[in-house]
Amino acid sequence: MSEKKRIVSGMRPTGPLHLGNYHGALENWIRMQDTYDCFFFIADWHALTSNYENPGDIPAFTRQMIIDWLSAGLSPEKSTLFIQSHIPEHAELFLLLSMITPVPWLERNPTYKDQMDQLKTKDLSTFGFLGYPVLQAADIIIYKAQGVPVGVDQVPHIEITREIARRFNHLYGQVFPEPDAILTKSAKILGTDRRKMSKSYDNAIYLSDAPEAIGKTVSQMITDPQRARKSDPGNPDVCNVFEFHKLYSPASLVSTINADCRIAKIGCVECKKQMAAHLITVLTPLREKNEYYKDHPEIVDDILRAGEEKARRVAKDTLMEVRAAIHL
Ligand code: TRP
Ligand code: SF4
């Protein structure tokens with residue numbers, strides 16, 4: 001056993017990763033690899049809870065996700081990387097936890113209610129969708145994680161995880177630590193239309209985008225909405241393009257733009273071109289690594305196999321304890 005604290009987190013494979021995913025989660029995971037014993041997995045079963053009518057895309061999205069992770073800097077030498085459905089022990093623990101989880105805990109889960117309201121086109125009145133947090137709890141406590149790096153939207157799920165772990169320990173004896181949510185503040189990055197960056201809004205820039213695609217998407221970005229003409233002075237403080245400059249451009253350029261925009265010395269078209277050039281510089285190595293892993297599928301397979309073996313060893317040990325505690 002390493003002395004590092006163990007953390008576990010997962011992502012649903014719903015499409016290629018975009019900058020919002022990168023700054024919202026992946027960047028933190030990459031940083032945490034040196035200080036924690038990290039288990040990161042692709043939550044393909046969780047993707048199924050809301051996409052059970054169209055499961056066909058999930059394998060390709062899963063493959064793209066592991067490639068995006070590796071390209072961005074998750075390292076199989078530092079972290080245990082795997083696919084949820086390859087560890088059937090999660091499903092057994094999910095079943096056992098479902099015996100002790102009161103349905104009202106799930107019915108009052110705020111993300112359950114939100115999603116039911118928002119995804120009106122999908123029939124989410126399934127047992128699996130209601131049980132989403134129970135599966136998530138199994139994902140986490142099967143590795144006896146002490147922490148779970150997540151966004152604020154996931155805090156209710158971690159709270160339910162803690163309640164389930166506590167209830168298990170109370171009924172059958174101490175087996176599970178109660179994991180803490182680890183919230184890391186991240187750059188809030190907006191999509192081209194200034195809404196939250198999301199695949200479903202068609203406003204995202206993807207880590208694997210080619211330079212032409214980046215240039216085109218950036219050219220469509222909404223700038224300072226008050227600035228109608230090039231001769232009007234702009235306000236970088238309310239401009240999404242400027243937020244991108246702060247993330248990807250050198251400090252000297254950021255301060256030049258900050259000054260020139262306010263006196264209409266630079267126009268938005270030129271400003272976007274400069275930002276796109278720097279964003280392309282940052283993303284080019286990621287795209288090249290993407291291509292490399294796509295050309296060498298056996299390397300990706302080996303990484304997943306090794307991660308899976310390690311995760312399964314831990315998961316199996318925990319399940320032995322669990323079965324014994326329940327007298328099975
Ligand atoms: N529910 C998480 C999300 O949508 C994904 C997830 C599944 C997860 N299992 C997990 C996150 C376990 C952390 C730990 O983002
Ligand atoms: Fe935004 Fe740049 Fe246009 Fe100023 S010049 S409004 S910072 S895009």
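Colleague: Which elements do the buried residues of H2 pack against?

Modeller: In this predicted model, the buried residues of H2 pack against strand S2 (37-42), H3, strand S3 (79-83), helix H7 (127-130) and helix H8 (132-141).

Colleague: And which residues of H2 are buried?

Modeller: Helix H2 covers residues 44-51, and its buried residues are Asp44, His46, Ala47, Thr49 and Ser50.

Colleague: Staying with S3 for a moment, is Thr80 buried or exposed?

Modeller: Thr80, which lies in strand S3, is buried, with a relative accessible area of 3%. The cut-off for that class is under 20%.

Colleague: What does the side chain of Thr80 make a polar contact with?

Modeller: The partner is the side chain of Lys310, at 3.0 Å.

Colleague: Which residues is Thr80 in contact with, leaving aside its neighbours within four places in sequence?

Modeller: Thr80 touches Cys38, Phe39 and Phe40 on the one hand, and Gly307, Lys310 and Ala311 on the other.

Colleague: Let us change topic. How many salt bridges does the rule count?

Modeller: The count comes to 15 salt bridges. As background, side chains of opposite charge can pair when their charged atoms come close.

Colleague: What does Asp301 form a salt bridge with?

Modeller: Asp301 pairs with Arg63, and the closest N and O atoms are 2.8 Å apart. Asp301 belongs to helix H14 (residues 297-325) and Arg63 to helix H3, so this pair ties together parts that are 238 residues apart in sequence.

Colleague: How accessible are Asp301 and Arg63?

Modeller: Asp301 is partly exposed, at 32% relative accessibility. Arg63 is also partly exposed, with a relative accessible area of 27%.

Colleague: What about Arg287 and Glu291: where do they lie?

Modeller: Both are in helix H13 (residues 268-295), 4 residues apart, which is about one turn of the helix. Arg287 is buried, with a relative accessible area of 16%, whereas Glu291 is partly exposed at 43%.

Colleague: Which side chain meets Asp193 in a salt bridge?

Modeller: That is Arg195, at 3.0 Å from N to O. Asp193 is partly exposed at 24% relative accessibility, and Arg195 is partly exposed with a relative accessible area of 42%.

Colleague: Which residues are linked in a network of salt bridges?

Modeller: The network links Arg162, Arg166, Glu178 and Asp180.

Colleague: Back to H13. What is the C-alpha separation of Glu270 and Ser219?

Modeller: Their C-alpha atoms are separated by 9.6 Å, and the two residues are 51 residues apart along the chain. Glu270 lies in helix H13 and is partly exposed, with a relative accessible area of 38%.

Colleague: Now the domains. What does the domain assignment give?

Modeller: The assignment gives domain 1 as 6-189 + 297-326 and domain 2 as 211-290. The C-alpha centres of the two domains lie 36 Å apart.

Colleague: How many residues of domain 1 are in contact with domain 2?

Modeller: There are 9 residues of domain 1 in contact with 8 residues of domain 2.

Colleague: And how much area do the two domains bury between them?

Modeller: Domain 1 and domain 2 bury about 710 Å² between them, with 65% of it on carbon and sulfur atoms. In domain 1, the residues that lose the most area to domain 2 are Leu19, Ser71 and Ile189, which together account for 60% of what that side buries.

Colleague: Which helices each supply at least two residues of the side of domain 1 that touches domain 2?

Modeller: Those are helix H1 (19-32) and helix H3 (58-72). H3 gives the most to that side of domain 1, with 5 residues.

Colleague: What is the make-up of that side by class?

Modeller: The side of domain 1 that touches domain 2 has 5 nonpolar, 3 polar and 1 charged residues.

Conventions:
Residues are numbered from 1 along each chain as its sequence is written. Chains are lettered from A and ligands numbered from 1 in the order in which they are written. This is a predicted model: local features need pLDDT of at least 70, side-chain atom pairs count only at pLDDT 80 or more; totals for chains, interfaces and linings use all residues. Side-chain values use heavy atoms; hydrogens and water are left out. Domain bounds come from an automatic or database domain assignment. Contact means heavy atoms within 4.5 Å. Buried area is the accessible area (1.4 Å probe) that two parts lose on being put together, summed over both. Ala, Val, Leu, Ile, Met, Phe, Trp, Tyr, Cys and Pro count as nonpolar, Asp, Glu, Lys and Arg as charged, and the others, Gly among them, as polar. Buried means under 20% relative accessible area, exposed over 50%, partly exposed in between (1.4 Å probe, protein chains only). A polar contact is a pair of N or O atoms within 3.5 Å; within protein, one must be able to donate a hydrogen and the other to accept it, and residues adjacent in sequence count only if both atoms are side-chain atoms. A salt bridge is a side-chain nitrogen of Lys or Arg within 4 Å of a carboxyl oxygen of Asp or Glu.
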